[in-house]
Amino acid sequence: MHAIAVIATILLPAASAAQGASNVPYDAKLTRLAEVLGSIHYLRNLCGEESNQWRDQMQQLLTIENPEPLRRARLIASFNRGYRTFDSVYTTCTDQALEAAGHYMAEGVNLTREINSRYGE
């Protein structure tokens, strides 16, 4: 469960190279990662986690990236889109919700590794 919890540490090298840049080569993947974090935040809390761990990970990502205002707004909108996507589908924890959370956690780990391995210093 802590696989994505190290996002800030993993993304730190890539983020230091991108500070001050309004468009970075990994923006599409980072935007997707933000959406994945929003999805995980909703699904894990729906299924009993009762924490802000995934929202906190998003905040760490924003702190490390330090994006300019428009880019920051896009990342936050992606997080919110991920949250709302499942908010409109699942009102109780189901096997499918747990499966979706597992899928998104795996995708988040893969995105984080890919961003770091390709764009990290």
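This note goes through the predicted model point by point, from confidence to helices, core, salt bridges and disulfide.

1. **Confidence.** The mean pLDDT of the protein is 86. Of its residues, 81% reach 70 or more. Confidence is lowest in helix 1 (residues 7-18), where the mean is 46. Helix 2 has the highest confidence, with a mean of 97. Over residues 12-21 the pLDDT is below 50. Even so, in the model this stretch has 20 contacts beyond near neighbours in sequence.

2. **The span of helix 2.** Helix 2 covers residues 27-46, which makes 20 residues.

3. Is helix 2 mostly covered or mostly open? Mostly covered: 14 of its 20 residues are buried. Just after helix 2 comes G48, which takes a positive phi of about 105 degrees.

4. **The nonpolar core.** The largest nonpolar core has 26 residues. Which of them touch the most other members? They are L30, L37, L43, M58, L75 and F86. Four helices each supply at least two residues of this core: helix 2, helix 3 (53-65), helix 4 (69-87) and helix 5.

5. **A look at L43.** L43 is one of the core residues that touch the most other members. Set aside its neighbours within four places in sequence. L43 is then in contact with F86, Y90, A97, A100 and A101.

6. **R32 and its partners.** The structure holds eight salt bridges. One of them joins R32 to E35, with the closest N and O atoms 3.6 Å apart. R32 and E35 both lie in helix 2, three residues apart, or about one turn of the helix. How covered are they? E35 has 17% relative accessibility, under the 20% limit, so E35 counts as buried. R32 has a relative accessible area of 25%, so R32 is partly exposed. R32 also forms a salt bridge with E107, and here the closest N and O atoms are 2.7 Å apart. E107 lies in helix 5 (residues 95-119) and R32 in helix 2, so this pair ties together parts that are 75 residues apart in sequence.

7. E65 and R71 meet through their side chains in a salt bridge, at 2.6 Å from N to O. Are these two buried or exposed? Both E65 and R71 are buried. Salt bridges that share partners join D27, E65, R71 and R74 into one network.

8. **The disulfide.** How many disulfides are there? The count comes to one. C47 and C93 form it, with their sulfur atoms 2.0 Å apart. The pair links distant parts of the chain, 46 residues apart. C47 sits in the loop between helix 2 and helix 3, and C93 in the loop between helix 4 and helix 5. A disulfide is a covalent bond between the sulfur atoms of two cysteines.

9. **Handedness and exposure of the disulfide.** Which hand does the disulfide have? The torsion about the S-S bond of C47 and C93 is about 100 degrees, so the disulfide is right-handed. C47 has 25% relative accessibility and counts as partly exposed. C93, at 33% relative accessibility, counts as partly exposed too.

Definitions and conventions:
Residues numbered from 1 in each chain as written. Predicted model: local features only at pLDDT ≥ 70, side-chain atom pairs only at ≥ 80, totals over all residues. Heavy atoms only, no water. Expected span 1.5 Å × (residues − 1). Buried < 20%, exposed > 50% of the residue type's maximum accessible area, 1.4 Å probe, protein only. Salt bridge = Lys/Arg side-chain N within 4 Å of Asp/Glu carboxyl O. pLDDT = per-residue confidence, 0-100. Contact = heavy atoms within 4.5 Å. Core = buried A, V, L, I, M, F, W, Y, C linked by side-chain atoms within 4.5 Å. Disulfide = S-S within 2.5 Å.
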